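Biologist: I have the sequence and the model open. Can you take me through a few spots?

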Amino acid sequence: MRVVIVTESFPPDVNGVAHCTLQTARHLVGRGHEPLVVAAERGHRTAAAGFHALPAARGPATGAAPGLEPRRPPPSRLDSWLRLATAGTGRLARRSTDLLPRLLCLAGAELRHRACGTVAHLDGRAEEALRSALTAAEPTGVQGAGPSGPSSVPRVSMEG
């Protein structure tokens with residue numbers, strides 16, 4: 001069977017989407033299928049041209065079909081690093097307003113306990129908090145339930 005995979009990234013990009021897409025394509029080849037991977041801007045343009053053809057088949061097209069070739073060259077490595085350093089850092093700062101202050105407080109508490117020599121006390125408090133959270137999360141009326149016992153989540157095994 002022929003399969004088209006339209007994706008945002010594919011190797012040589014190094015990220016989770018690229019890795020997952022590559023593994024999916026390899027799996028399909030192993031099963032005897034013929035995957036075609038369409039990635040990044042070229043993939044979006046191919047999909048857009050296909051969608052433009054749908055209304056054009058029913059009547060007059062409402063404009064020129066999008067071109068399949070990118071209009072601009074791909075960004076250079078320097079351009080990618082500059083974008084990461086500017087827009088990426090700004091986005092990270094905006095998204096970190098809830099998590100970052102709490103992490104800084106935890107790091108400060110850790111440093112304070114190390115300076116005072118009370119790290120063992122801090123570890124004991126963390127273990128007690130974990131123990132009480134696990135006890136509170138344990139289902140009632142189920143013998144042996146908990147982190148190592150049976151749970152209500154079914155387990156599924158996928159074998160080739």
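Biologist: Where is L36 found?
Modeller: L36 belongs to strand β2, residues 34–39. Strands here are DSSP runs of E with at least two residues, helices are runs of H or I with at least four, and both are numbered from the N terminus.

Biologist: Before I go on, what kind of model is this, and how is it numbered?
Modeller: It is a predicted model, with residues numbered from 1 along each chain as its sequence is written. Local features need pLDDT of at least 70, side-chain atom pairs count only at pLDDT 80 or more, totals for chains, interfaces and linings use all residues, and side-chain values use heavy atoms, leaving out hydrogens and water.

Biologist: Back to L36. Which residues form the nonpolar patch on the surface?
Modeller: V4, V6 and L36, with about 280 Å² of accessible area together. Patch residues have over 30% relative accessible area and no salt bridge; nonpolar side chains (Val, Leu, Ile, Met, Phe, Trp, Tyr) are joined within 5 Å, like charges within 9 Å. Areas come from the Shrake-Rupley method with a 1.4 Å probe, and for residues only the protein chains shown count as cover.

Biologist: Salt bridges next. How many?
Modeller: The count is 4, taking a side-chain nitrogen of Lys or Arg within 4 Å of a carboxyl oxygen of Asp or Glu. In one of them, R114 meets E110 at 3.1 Å, N to O. Both lie in helix α4 (residues 99–116), 4 residues apart, about one turn of the helix.

Biologist: Is R114 buried or exposed, and why?
Modeller: R114 counts as exposed because its relative accessibility is 56%; the cut-offs are under 20% for buried, over 50% for exposed, and partly exposed in between (1.4 Å probe, protein chains only). E110, at 26%, is partly exposed.

Biologist: And which residues does R131 pair with?
Modeller: R131 meets E127 at 3.9 Å and E128 at 2.9 Å, both N to O. R131 and E127 lie in helix α5 (residues 119–137), 4 residues apart, while E128 is 3 residues from R131 in that helix. Salt bridges with shared partners join E127, E128 and R131 into one network.

Biologist: New topic. What lines the second largest pocket?
Modeller: Its lining includes P75, R77, D79, W81 and R83. By class there are 4 nonpolar, 2 polar and 3 charged residues.

Definitions and conventions: 1 Å grid on protein atoms, 1.4 Å probe; cavity = no way out; pocket = protein on both sides within 12 Å on 5 of 7 lines; lining within 4 Å. Nonpolar A, V, L, I, M, F, W, Y, C, P; charged D, E, K, R; others polar.
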